[in-house]
Amino acid sequence: MEMLDIVDENGEPTGETVERATAHARGIRHRTSHVWLLRKRPDGVEVLLQKRSEGKDSFPGCYDISSAGHIPAGMGFKESALRELKEELGLTASEEELNDCGLLKLYEEAVFYGEPFKDDQVSRVFYIWKDIEPEQMSLQASEVSEVRWMGLSECKEKVRTNSIPHCIVARELDMLPG
């Protein structure tokens, strides 16, 4: 059972916790950490996208943030960001490599597998400069089916026009440098 801190509108824990499934069923505010991997190329900045595995409880098979995850109760934004990088992509990084873009507040309602899904989250958005090829990563199959690099400007356009299956918030891409 994955327990999450219930948080206020600024992502500060209230002292109460909730099970992840309950948070999503009832729309209870919780925290996530997002990490974007970026690299510089002669024609501009590229961003690494992960494709969510088909077994995910939300947005299966959609392109998403390089690495992201719910923050377990009692854990902080940075600690969780580094843990997710290691788990999902097999990458080790330090807190000093995390560049903080700020908070992103999101509320979304959907239906997955016939069940209502209400996501009320406060996310801390980070980026890391990392020039690495997909074959150098060790993907967590239960979470990630593949990764691919895409030009940041191309990614912004594809997200805004919904020309790729994704669950990326366009305004989050605007938080990134490049």
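**Stop one: the second largest pocket**

The second largest pocket has a volume of about 160 Å³, a volume being the space filled by probe spheres set on grid points joined across faces, edges and corners. A pocket here is an open set of points on a 1 Å grid over the protein atoms alone, where a 1.4 Å probe fits, with protein on both sides within 12 Å along at least five of seven lines; lining residues have an atom within 4 Å of a point. Before you go on: this is a predicted model, where local features need pLDDT of at least 70 and side-chain atom pairs count only at pLDDT 80 or more, while totals for chains, interfaces and linings use all residues. Residues are numbered from 1 along each chain as its sequence is written, and side-chain values use heavy atoms, with hydrogens and water left out.

Now select Arg20, Ala21, His24, Ala25, Asp57, Phe112, Tyr113, Glu115, Pro116 and Phe117, which line this pocket. α1 and β8 are the elements that give two or more residues to the lining, and α1 gives the most, with 4. (Helices are DSSP runs of H or I, at least four residues, and strands are runs of E, at least two, numbered from the N terminus.)

**Stop two: the rings**

Rings of Phe, Tyr and Trp (its six-membered ring) pair if their centres lie within 6.5 Å; planes under 30 degrees apart are stacked, over 60 edge-to-face and the rest tilted. The count comes to 3 aromatic pairs. Phe59 and Phe112 have ring centres 4.9 Å apart and planes at 65 degrees, so they are edge-to-face. Phe59 sits in the loop between β4 and β5 and Phe112 in strand β7, so the pair ties together parts 53 residues apart in sequence.

Next, pick Tyr127 and Trp129: centres 5.8 Å apart, planes at 85 degrees, so edge-to-face. Buried or partly exposed, which is Tyr127? Tyr127 is buried at 15% relative accessibility, while Trp129 is partly exposed at 34%; buried means under 20% relative accessible area, exposed over 50%, partly exposed in between (1.4 Å probe, protein chains only).

**Stop three: the largest pocket**

Move on to the largest pocket, with a volume of about 550 Å³. Of its 33 lining residues, select Arg52, Asp64, Ala68, His70 and Gln121, which lie nearest its centre.

**Last stop: α2**

Finish on α2, whose buried residues include Phe77, Leu82 and Leu85. Glycine 90 follows α2, with a positive phi near 75 degrees.
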